[in-house]
Amino acid sequence: MSEHGAVGGITTYNPHLGNRLGIADAPAVIGTVIDGRHVHVTFADARQRTYSAQWLRHCCWCPECGNPADGIRFTTVASIPPDIAPAHAGACNGDLVLTWPDGHCSTYGSDWLAANAYDDEARQRRADWQPTTWRAELADDFPTVDWADASDGGAGQLHAYRLLASYGIVRIDNLGGDPACTEQLANLVGPIHETTVYGRIYDVRAEPVAKLGAKTGMAQAPHIDDAFYYSPPGIDIFHCLVNTDVGGMSTYVDGFAIAESLRAAEPDAFEALTTLPVTHVRRHPGEINLRSRSPVIRLDEFGRLSGIRYFDRALGPLDVPPSDVDRLYDAIRAYSNRMLSPEFTAAIRVEPGQGVLIDNHRVMHGRTEFDPASGRHIRLCHVPRDEFHGRLRELSLRLDPWRHDQHLPQGS
């Protein structure tokens, strides 16, 4: 054990909350029964839940045991006997109170117990989040929030966050044309992530000598940014400063919609894209040589879509068993044909002063051709999606607490 032995001997950034979330309408604990290495708990709404004694002892977040929220922790799995059981259990002022054989006392708020329960009903509640998939029709009713609402720190911001989580994309109106607004928009969802390829903030406009295709007037097929990184950028931040009236349309494709279409219509292709890795590469000689190997479609433990990783112009040589090469190419072609189809492509003209937030692990973006002399100018940066999801959870905990802990797709 640490020489401190308790959080009380350490000055911490976080206020000590213990096993409480602060949810006012949580049903109180009204009854408890110790059953060997388990504790049965009855709540005021008539629900009965069972908790493992090991789980309860490990999850004690009192000042003596510490709290994983700030990483100051003294009680760990290794320090708990596998056969531990409480000596006494009781309900006190709506809380569960346990006394352990060594005399340690643990108190669990009813809101914390209900939110973290792991019975089938509770696990289903956390796992019931579903994305809203879309095709070309999104252009007719594009998810949009005014900047004043998105940045209000309350219900408007939560609405913007949830649109981004649900659709994988949201347009922000009335952001403004000042280049400084790019960083303000990024800071809405998290800190800017700097990369070797793009730097911190990337000005997308045509240049006489282009390092990347984005800095030309050529059309760009929909793609995921930087699929060649082990961890591709999370949230793309686009801010339009100048656009053209001819060409330069922004195109968006929902990779989740393509994946579900493949799952239903071409299960062999879906199986190949979820199990076999493709290689993405990017090299700037003398500077950096990047490559990743990962399936195009990533699934979570429930078989739900978790992330998409596809950038056709960055695909490297396939590195799979000989018997899988042709079927993987066939599967990639099936995916790409949908990606390029007007049926799946939502095209809009992003106007100066507007911003667009995109989940880069799901929604592919591109553009139509434009005149390089038009002055079209888009600013681009990236924010880790972990940061966005973390802010979404924290704001949800304050405004809509029973939905704050839903399992969100962790990406590609």
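Predicted model: local features only at pLDDT ≥ 70, side-chain atom pairs only at ≥ 80, totals over all residues.

Colleague: In what order do the strands of the open sheet stand?

Modeller: Strands (E, at least two residues) and helices (H or I, at least four) are DSSP runs, numbered from the N terminus. Two strands pair if DSSP finds at least two bridges between them. Here three strands make up an open sheet with antiparallel pairing, in the order β6-β7-β8. Because β6 (88-92) and β8 (105-108) stand at the edges, each with a single partner strand, one side of each has no neighbour in the sheet. From one strand to the next, the twist averages 20°; axes are lines fitted to C-alpha atoms, for helices over the stretch in contact, and angles between N-to-C directions run from 0 to 180 degrees.

Colleague: How many bridges join β6 and β7?

Modeller: Five bridges join β6 to β7 (residues 95-99), in the antiparallel sense. Within β7, Asp95 is the bridge partner of Cys92.

Colleague: What volume does the largest pocket have, and which residues lie nearest its centre?

Modeller: On a 1 Å grid over the protein atoms alone, a pocket is an open set of points with protein on both sides within 12 Å along at least five of seven lines, whereas a cavity is a set where a 1.4 Å probe fits but cannot get out; lining residues have an atom within 4 Å of a point. Grid points are joined across faces, edges and corners, and a volume is the space filled by probe spheres set on the points. The largest pocket has a volume of about 910 Å³. Its lining has 36 residues, with Leu21, Ala69, Glu394, Leu397 and His404 nearest the centre. The largest share of this lining, six residues, comes from α10.

Colleague: How does the lining of the largest pocket divide by residue type?

Modeller: Ala, Val, Leu, Ile, Met, Phe, Trp, Tyr, Cys and Pro count as nonpolar, Asp, Glu, Lys and Arg as charged, and the others, Gly among them, as polar. The lining of the largest pocket has 13 nonpolar, 15 polar and eight charged residues. The second largest pocket, of about 390 Å³, is lined by twelve nonpolar, seven polar and six charged residues.

Colleague: How many aromatic pairs are there?

Modeller: Rings of Phe, Tyr and Trp (its six-membered ring) pair if their centres lie within 6.5 Å; planes under 30 degrees apart count as stacked, over 60 as edge-to-face and the rest as tilted. By this rule there are eleven aromatic pairs. The ring centres of Trp61 and Trp112 are 5.3 Å apart and their planes stand at 80°, so this pair is edge-to-face. Trp61 lies in the loop between α1 (53-58) and β4, and Trp112 in helix α2, 51 residues apart.

Colleague: Are Trp61 and Trp112 buried or exposed?

Modeller: Buried means under 20% relative accessible area, exposed over 50%, and partly exposed in between (1.4 Å probe, protein chains only). Both Trp61 and Trp112 are buried. By contrast, Thr144 is partly exposed, at 26%.

Notes:
Residues numbered from 1 in each chain as written. Heavy atoms only, no water.
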